[in-house]
Amino acid sequence: MATVCKQVVCRKAVQEDVEPLYEMIQGYAQQGIMLPRSRAVLERQLDLFVVAEVDGKPVGCGSLCRLGADLVEIRSLGISDGYKGLGIGSKIVKLLIEEAKRQDIPKIMALTYEVAFFEKNGFTVVNKEIFPEKVWTDCVNCSKQHACDEIAVLKMLK
Ligand SMILES: CC(C)(COP(=O)(O)OP(=O)(O)OC[C@H]1O[C@@H](n2cnc3c(N)ncnc32)[C@H](O)[C@@H]1OP(=O)(O)O)[C@@H](O)C(=O)NCCC(=O)NCCS
(Lines give C-alpha, C1' and ligand atoms only; values in the text may rest on other atoms or scores of the structure.)
Protein backbone atom coordinates (compact mmCIF):
# COMPACT_ATOMS: atom_id res chain seq x y z
CA MET A 1 0.00 0.00 0.00
CA ALA A 2 2.72 2.47 0.96
CA THR A 3 4.55 1.76 -2.29
CA VAL A 4 1.51 2.65 -4.39
CA CYS A 5 0.92 5.83 -2.37
CA LYS A 6 4.50 6.99 -3.00
CA GLN A 7 3.85 6.87 -6.75
CA VAL A 8 0.76 9.06 -6.57
CA VAL A 9 1.06 12.47 -8.14
CA CYS A 10 -1.71 15.03 -7.60
CA ARG A 11 -1.77 17.87 -10.09
CA LYS A 12 -4.02 20.33 -11.89
CA ALA A 13 -6.03 18.79 -14.72
CA VAL A 14 -4.89 19.32 -18.30
CA GLN A 15 -6.61 18.93 -21.67
CA GLU A 16 -5.58 15.25 -22.00
CA ASP A 17 -7.50 14.50 -18.80
CA VAL A 18 -10.91 15.39 -20.25
CA GLU A 19 -11.68 11.88 -21.54
CA PRO A 20 -10.48 9.93 -18.46
CA LEU A 21 -12.26 12.43 -16.20
CA TYR A 22 -15.43 12.08 -18.24
CA GLU A 23 -15.26 8.27 -18.01
CA MET A 24 -14.60 8.29 -14.26
CA ILE A 25 -17.39 10.75 -13.45
CA GLN A 26 -19.81 9.08 -15.85
CA GLY A 27 -19.20 5.73 -14.13
CA TYR A 28 -20.14 7.18 -10.75
CA ALA A 29 -23.05 9.18 -12.22
CA GLN A 30 -24.51 5.91 -13.56
CA GLN A 31 -24.38 4.55 -10.01
CA GLY A 32 -26.23 7.64 -8.77
CA ILE A 33 -23.43 8.84 -6.50
CA MET A 34 -22.20 11.77 -8.58
CA LEU A 35 -23.72 14.33 -10.91
CA PRO A 36 -22.76 13.76 -14.54
CA ARG A 37 -20.49 16.28 -16.28
CA SER A 38 -20.43 16.53 -20.05
CA ARG A 39 -17.13 16.67 -21.93
CA ALA A 40 -17.96 20.28 -22.85
CA VAL A 41 -18.45 21.23 -19.20
CA LEU A 42 -15.24 19.45 -18.24
CA GLU A 43 -13.30 21.33 -20.92
CA ARG A 44 -14.76 24.62 -19.72
CA GLN A 45 -14.10 23.89 -16.05
CA LEU A 46 -10.79 22.07 -16.40
CA ASP A 47 -8.96 24.60 -14.27
CA LEU A 48 -11.21 23.69 -11.31
CA PHE A 49 -10.11 20.04 -11.39
CA VAL A 50 -7.24 18.18 -9.83
CA VAL A 51 -6.19 14.72 -10.95
CA ALA A 52 -4.35 11.98 -9.09
CA GLU A 53 -2.22 9.76 -11.25
CA VAL A 54 -0.31 6.58 -10.63
CA ASP A 55 2.41 5.71 -13.13
CA GLY A 56 1.06 8.38 -15.47
CA LYS A 57 -2.50 7.01 -15.38
CA PRO A 58 -5.35 9.14 -13.95
CA VAL A 59 -6.92 7.21 -11.06
CA GLY A 60 -8.79 9.93 -9.22
CA CYS A 61 -10.17 13.41 -9.48
CA GLY A 62 -11.88 16.18 -7.61
CA SER A 63 -12.94 19.74 -8.26
CA LEU A 64 -13.59 22.94 -6.37
CA CYS A 65 -16.64 25.02 -7.20
CA ARG A 66 -17.16 28.52 -5.88
CA LEU A 67 -20.63 28.88 -4.37
CA GLY A 68 -20.25 32.33 -2.87
CA ALA A 69 -17.80 34.87 -1.49
CA ASP A 70 -16.94 32.67 1.49
CA LEU A 71 -17.85 29.17 0.37
CA VAL A 72 -16.51 26.52 -2.01
CA GLU A 73 -17.78 23.02 -2.65
CA ILE A 74 -15.83 19.84 -3.36
CA ARG A 75 -17.40 18.20 -6.40
CA SER A 76 -16.75 15.20 -8.62
CA LEU A 77 -14.45 13.53 -6.07
CA GLY A 78 -13.81 9.95 -7.05
CA ILE A 79 -11.12 7.30 -7.05
CA SER A 80 -11.03 4.44 -9.53
CA ASP A 81 -11.75 0.92 -8.31
CA GLY A 82 -8.53 -0.77 -7.33
CA TYR A 83 -7.05 2.47 -5.98
CA LYS A 84 -9.43 3.17 -3.08
CA GLY A 85 -8.27 3.06 0.52
CA LEU A 86 -4.72 4.10 -0.37
CA GLY A 87 -4.96 7.70 0.82
CA ILE A 88 -5.47 9.11 -2.68
CA GLY A 89 -8.88 10.63 -1.94
CA SER A 90 -7.43 12.37 1.13
CA LYS A 91 -4.54 13.64 -0.94
CA ILE A 92 -6.94 15.22 -3.44
CA VAL A 93 -9.03 16.74 -0.64
CA LYS A 94 -5.89 18.23 0.95
CA LEU A 95 -4.94 19.79 -2.37
CA LEU A 96 -8.43 21.25 -2.81
CA ILE A 97 -8.30 22.62 0.74
CA GLU A 98 -4.92 24.23 0.00
CA GLU A 99 -6.41 25.81 -3.11
CA ALA A 100 -9.40 27.17 -1.15
CA LYS A 101 -7.01 28.63 1.43
CA ARG A 102 -4.89 30.14 -1.32
CA GLN A 103 -8.03 31.87 -2.59
CA ASP A 104 -8.71 33.04 0.99
CA ILE A 105 -12.07 31.24 1.17
CA PRO A 106 -13.03 30.38 4.76
CA LYS A 107 -15.50 27.51 4.26
CA ILE A 108 -15.34 24.32 2.24
CA MET A 109 -18.29 21.91 1.98
CA ALA A 110 -19.44 18.78 0.20
CA LEU A 111 -22.65 16.84 -0.26
CA THR A 112 -21.81 13.19 0.10
CA TYR A 113 -22.68 9.63 1.08
CA GLU A 114 -19.08 9.18 2.32
CA VAL A 115 -19.39 10.86 5.70
CA ALA A 116 -16.71 8.77 7.45
CA PHE A 117 -14.17 9.66 4.78
CA PHE A 118 -14.85 13.39 5.12
CA GLU A 119 -14.80 13.20 8.94
CA LYS A 120 -11.35 11.61 8.70
CA ASN A 121 -10.38 14.68 6.70
CA GLY A 122 -11.58 17.13 9.36
CA PHE A 123 -15.11 17.86 8.10
CA THR A 124 -18.20 17.82 10.32
CA VAL A 125 -21.79 17.01 9.42
CA VAL A 126 -24.05 20.06 9.14
CA ASN A 127 -27.63 20.76 8.11
CA LYS A 128 -27.68 21.26 4.34
CA GLU A 129 -30.29 24.00 4.68
CA ILE A 130 -27.44 26.31 5.71
CA PHE A 131 -26.25 26.32 2.09
CA PRO A 132 -28.91 28.14 0.05
CA GLU A 133 -26.18 28.97 -2.52
CA LYS A 134 -25.82 25.27 -3.27
CA VAL A 135 -29.53 24.73 -3.80
CA TRP A 136 -29.68 27.45 -6.44
CA THR A 137 -26.73 26.19 -8.46
CA ASP A 138 -26.30 22.43 -8.90
CA CYS A 139 -29.38 21.19 -7.07
CA VAL A 140 -31.86 22.83 -9.43
CA ASN A 141 -30.55 20.55 -12.18
CA CYS A 142 -30.50 17.38 -10.09
CA SER A 143 -33.18 14.72 -10.49
CA LYS A 144 -33.00 14.06 -6.74
CA GLN A 145 -33.54 17.68 -5.76
CA HIS A 146 -36.81 17.02 -3.92
CA ALA A 147 -35.57 13.82 -2.29
CA CYS A 148 -31.92 14.55 -1.66
CA ASP A 149 -30.43 11.98 0.71
CA GLU A 150 -26.86 13.24 0.56
CA ILE A 151 -25.30 14.57 3.73
CA ALA A 152 -23.70 17.99 3.98
CA VAL A 153 -20.22 18.22 5.50
CA LEU A 154 -18.31 21.38 6.23
CA LYS A 155 -14.77 22.36 7.22
CA MET A 156 -13.90 25.83 8.43
CA LEU A 157 -10.54 26.97 7.08
CA LYS A 158 -10.13 30.02 9.31
C1 LIG B 1 -14.90 8.38 -1.00
C2 LIG B 1 -13.58 8.23 -1.75
C3 LIG B 1 -13.31 9.48 -2.57
C4 LIG B 1 -12.47 8.03 -0.70
O5 LIG B 1 -11.20 7.99 -1.36
P6 LIG B 1 -10.08 6.97 -0.87
O7 LIG B 1 -8.83 7.29 -1.60
O8 LIG B 1 -10.60 5.59 -0.99
O9 LIG B 1 -9.96 7.36 0.67
P10 LIG B 1 -8.63 7.39 1.58
O11 LIG B 1 -7.83 6.18 1.31
O12 LIG B 1 -7.97 8.70 1.40
O13 LIG B 1 -9.28 7.28 3.03
C14 LIG B 1 -9.04 8.19 4.08
C15 LIG B 1 -9.66 7.64 5.34
O16 LIG B 1 -11.07 7.56 5.17
C17 LIG B 1 -11.50 6.23 5.38
N18 LIG B 1 -12.56 5.90 4.44
C19 LIG B 1 -12.52 6.05 3.10
N20 LIG B 1 -13.69 5.62 2.54
C21 LIG B 1 -14.45 5.18 3.59
C22 LIG B 1 -15.73 4.61 3.69
N23 LIG B 1 -16.49 4.40 2.59
N24 LIG B 1 -16.21 4.30 4.91
C25 LIG B 1 -15.45 4.47 6.02
N26 LIG B 1 -14.21 5.02 5.99
C27 LIG B 1 -13.73 5.37 4.80
C28 LIG B 1 -10.29 5.37 5.13
O29 LIG B 1 -10.37 4.13 5.82
C30 LIG B 1 -9.17 6.23 5.66
O31 LIG B 1 -9.10 6.12 7.06
P32 LIG B 1 -7.65 6.03 7.80
O33 LIG B 1 -7.00 7.37 7.56
O34 LIG B 1 -8.01 5.80 9.23
O35 LIG B 1 -6.93 4.90 7.14
C36 LIG B 1 -13.58 6.96 -2.67
O37 LIG B 1 -13.92 5.83 -1.92
C38 LIG B 1 -14.55 7.05 -3.86
O39 LIG B 1 -14.15 7.39 -4.94
N40 LIG B 1 -15.86 6.71 -3.63
C41 LIG B 1 -16.86 6.72 -4.69
C42 LIG B 1 -17.21 8.11 -5.16
C43 LIG B 1 -17.74 8.96 -4.02
O44 LIG B 1 -18.60 8.57 -3.24
N45 LIG B 1 -17.20 10.18 -3.91
C46 LIG B 1 -17.58 11.16 -2.91
C47 LIG B 1 -18.42 12.20 -3.56
S48 LIG B 1 -18.57 13.62 -2.49
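**Stop one: the ligand and its polar contacts**

Begin by selecting G87, where a backbone N or O atom lies 2.7 Å from an oxygen atom of the ligand, a polar contact being a pair of N or O atoms within 3.5 Å (within protein, one must be able to donate a hydrogen and the other to accept it, and residues adjacent in sequence count only if both atoms are side-chain atoms). Before going on, note that this is a predicted model, in which local features need pLDDT of at least 70 and side-chain atom pairs count only at pLDDT 80 or more, while totals for chains, interfaces and linings use all residues. Residues are numbered from 1 along each chain as its sequence is written, and side-chain values use heavy atoms, with hydrogens and water left out.

**Stop two: the shell around the ligand**

Now select the 18 residues around the ligand, of which I79, G87, G89, S90 and E114 come nearest; a residue is near a molecule if one of its heavy atoms lies within 4 Å of it. Which element gives the most to this shell? It is α5, with 4 residues, and at least two residues each come from β4 (71-79), α4 (88-102), β5 (107-112) and α5 (115-120), where helices (H or I, at least four residues) and strands (E, at least two) are DSSP runs numbered from the N terminus. If you colour the shell by class, you will find 9 nonpolar, 6 polar and 3 charged residues; Ala, Val, Leu, Ile, Met, Phe, Trp, Tyr, Cys and Pro count as nonpolar, Asp, Glu, Lys and Arg as charged, and the others, Gly among them, as polar.

**Stop three: the largest pocket**

On a 1 Å grid over the protein atoms alone, a pocket is an open set of points with protein on both sides within 12 Å along at least five of seven lines, a cavity is a set where a 1.4 Å probe fits but cannot get out, and lining residues have an atom within 4 Å of a point. The largest pocket has a volume of about 1200 Å³, and of the 45 residues that line it, I33, L111, T112, Y113 and E150 are the closest to its centre. The element that gives the most to this lining is β4, with 7 residues.

**Stop four: the largest cavity**

Finally, select R37, Q45, L48, F49, S63, C65, R75 and S76, which line the largest cavity, a space of about 50 Å³. Both β3 (57-68) and β4 supply at least two residues of this lining, which divides into 3 nonpolar, 3 polar and 2 charged residues.

Definitions and conventions:
Grid points are joined across faces, edges and corners, and a volume is the space filled by probe spheres set on the points.
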